[in-house]
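Colleague: I have a model open and want to learn how to read it. Can you take me through some features?

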Amino acid sequence: MDMIIKNGSVVTASETVKADVMISDGKIIAIGSNLPTAGITVVDAKGKLVLPGAIDVHTHLAMPFGGTTSADSYLAGTRAAACGGVTTVFDYPMQRKGMTIKEVIDSKKAICAKEACVDYAYHCIITDLNDGAILEEMASAVESGITSFKCFFVYKKEGMMVDDGTFARLLLKAKEVGAMINLHAENPDLIDYNIETFLAEGKTSAWYHYLSRPEYVEAEADKRAVHWAKHLQAPLYLVHMADKEGLEAAIEARKEHSDIYIETCPQYLEFTCDVYKREDGRNFVCSPPMKGQESQDALWKAIKNGEIDVVATDHCPFQSYEKDWGIDDFTKIPNGCAGVENLYPYMLSAANQGKISFNRAIELCSTNPAKIFGCANKGSIAVGKDADIVIYDPDIDFTITVDKMHSDYDHTIWEGIQLKGYPIQTYSRGRLVYDHGDFIGEPGWGQFVKREKR
Ligand code: URP
Ligand code: ZN
Ligand code: ZN
């Protein structure tokens, strides 16, 4: 159905203009003033901002992890995404020994075809090269629209870690086939040593989750990965960066023209490691953990300077009873927290309060993710793009509470956080999927986003 969004301020990564946006067949077909309105649906956005939908390039939906499965199904996670102004979600399906990339992705596509409420794409986690077969398969995966692959330097006991040789092979193959490697960087041996020491000393609270993987543990792995990417001249995307030293190393390498991209997450911008001293500290357990104030300040500085490329969530919630497994032993707490519904409202609230510009918030949450990961039809309000649009009311005072969220989890680390401004409507390819607090979309509406190679 044809539709026009009138009287709003259209915000992109580069400009803010008063303009009307005309939509037909799920696409933006015109932007301007005095566009014709006869016979079409008119949405009045007076006093509101008209923004591109966010792209959360880091979620773990229904992921087997930490002795359980993350609490949001593809349906619940993408429903929550829609209600937080996220119109494309990237998931991280995991390849295990013996499995092909195609098998992994096809099984997720079958689920998303029925459940996804917004559009979706996949980065495939690689845990085993299957004697080189995975490297052989990467070119065809790229042709099918899977243009990024993830490695873990951690989760050794869980069988998810790759060693440096595997990482180097993946970096080189990705470069050759027009893909990119995403990396979770922490040093597994330091973590294991610290854990062993703390448990032997009876130090079992959530605070020791932080102390077993503090700043230097992440920094060592960041620097190692940056070193490899720099010398192999391969693209590298560092996920969920949380520490100052590693961040600065990545920024320095980029100044020397290394093809490195930096992601951080809202939880690292809002919370410090002090949360692990709280009675409910286990609920904040994720890896890497929140760091100290110095790291948080460095992250905000890099956000403001344009040195961080993407803010995404690492959405991986668990229920309270699962977090409680670790009340007496921090190593038993499933790692991960909620965020997909909070990403855009949080970053836009920061903009609304003058910490960054709205243009920068959009660049971090929508335009850069689309560019970096090859989503040609997403990431801006422009003629020819998908009509993935958020209408944002800058005057709403919103306090986050779990009952206002649209996920399946029973608690959130964002409880009580106050935001200035909030999305009031989300359109996914021109279809209204979220309206003033309510999800009104449809499971199965979301489409696979076939990405372009680098
Ligand atoms: O704690 C986290 N981040 N859980 C999800 C898996 C990962 O490491 O990204
Ligand atoms: Zn990770
Ligand atoms: Zn993650």
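Modeller: We will look at a strand, then at a metal site. This is a predicted model: local features need pLDDT of at least 70, side-chain atom pairs count only at pLDDT 80 or more, and totals for chains, interfaces and linings use all residues. Residues are numbered from 1 along each chain as its sequence is written, chains are lettered from A and ligands numbered from 1 in the order in which they are written, and side-chain values use heavy atoms, without hydrogens and water.

Colleague: Are the residues of strand β1 buried or exposed?

Modeller: Strands are DSSP runs of E, at least two residues, numbered from the N terminus. Buried means under 20% relative accessible area, with a 1.4 Å probe and protein chains only. In β1 (residues 3-6), Met-3 and Ile-5 on one side are buried, as are Ile-4 and Lys-6 on the other.

Colleague: Which strand runs parallel to β1?

Modeller: Pairing takes at least two DSSP bridges between two strands. β6 (residues 41-44) runs parallel to β1, joined by four bridges. Met-3 has Thr-41 as its bridge partner there. β4 (residues 20-24) pairs with β1 antiparallel, over three bridges. Here Ile-5 faces Val-21.

Colleague: Which residues coordinate the zinc ion (ligand 3)?

Modeller: Donors are N, O and S atoms within 2.8 Å of the metal (3.2 Å for Na, K and Ca); water is not among the atoms, so sites may look incomplete. His-58 (NE2), His-60 (NE2) and Asp-314 (OD) coordinate the zinc ion (ligand 3) at 2.0 to 2.1 Å. Both His-58 and His-60 are buried. The zinc ion (ligand 2) lies 3.5 Å from the zinc ion (ligand 3).

Technical notes:
Buried means under 20% relative accessible area, exposed over 50%, partly exposed in between (1.4 Å probe, protein chains only).
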